[in-house]
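Dear colleague,

I am handing over the structure we spoke about, placed just below. After it you will find what came out of going through it, and I would be glad if you read the two side by side.

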Amino acid sequence: MLYDDFYVKSLIRSVEDWPKPGINFRDITPIFSDPKGMRMVVDAYVHRYITSDITHIACIDARGFLIAAVLAYELQKPLILIRKKGKLPGKTISQAYDLEYGSAELEIQENSVKTGDNVLLFDDLIATGGTLLAAIELLTSQGAEVKEVAAIIDLPDLGGSQKLQDRNIPVFNLCAYEGD
């Protein structure tokens, strides 16, 4: 079987009250210590995008890097890193955003993408959508088109995936948790 959503979901650990009280954090790190789970996750994305018209894969600091790097390798696509402010060398552009437990700022190196580039944007989780919307702004400000947002987990009750769809950006996730 290519992808067993029950198996992958069984690897995701819930950590209550982290990083602050009231947050039920979905921890994907157990996937990385389970070769079968890691293979299922990577293969699900490879099979989805192998014939797509994406030209680049962009990923968000830091958990998004882990799967996206393997996916970029497998699909032979350039990998674009979107990082927290102050982590990238050279000339960067930045975008502030709000997230469910505070605010932050993302950066991308200037000229990472250009007009005509079709980008798959990858992150580990879709919550309120603030991080992804900031990343989309960074990519589109340089002329790229975000063809789809992919994540391992969606928390649909927090509204992020709906915000993306409202902007006509397709969303793909491997599993969802209602009520979180």
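Strand S7 (residues 118–126) is largely enclosed by the rest of the structure, because nine of its nine residues are buried, where buried means under 20% relative accessible area, exposed over 50% and partly exposed in between, with a 1.4 Å probe and protein chains only. Helices (H or I, at least four residues) and strands (E, at least two) are DSSP runs numbered from the N terminus.

Please keep in mind that this is a predicted model, in which local features need pLDDT of at least 70 and side-chain atom pairs count only at pLDDT 80 or more, while totals for chains, interfaces and linings use all residues. Residues are numbered from 1 along each chain as its sequence is written, and side-chain values use heavy atoms, with hydrogens and water left out.

Two strands are taken to pair if DSSP finds at least two bridges between them. On that basis S7 pairs in the parallel sense with strand S3 (residues 56–60) over four bridges, with Leu 120 of S7 as the bridge partner of Ile 57. S7 also runs parallel to strand S8 (residues 145–154), to which eight bridges join it, and there Asn 118 has Glu 145 of S8 as its bridge partner. From S7 the chain crosses through helix H5 (residues 130–140) to S8 in a right-handed β-α-β crossover, that is, with the strands pointing away from the viewer, the path from the first strand over the helix to the second runs clockwise.

As for the cores, a nonpolar core is a set of buried Ala, Val, Leu, Ile, Met, Phe, Trp, Tyr and Cys residues joined through side-chain atoms within 4.5 Å. The largest has 34 residues, of which Ile 31, Tyr 45, Tyr 49, Ile 152 and Ile 153 touch the most other members. Several elements each supply at least two residues of this core, among them helix H3 (35–49), S3, S7 and S8, and H3 gives the largest share, eight residues. Leaving aside neighbours within four places in sequence, Ile 153 is in contact (heavy atoms within 4.5 Å) with residues including Asp 124, Leu 125, Ile 126 and Cys 175.

Finally, a search of the whole structure finds zero disulfides, a disulfide being a pair of cysteine sulfur atoms within 2.5 Å. The sulfur of Cys 175 is 19 Å from the closest cysteine sulfur, in Cys 59, which is too far for a bond. Cys 59 counts as buried because its relative accessibility is 0%, and Cys 175 counts as buried at 6%.

With best wishes
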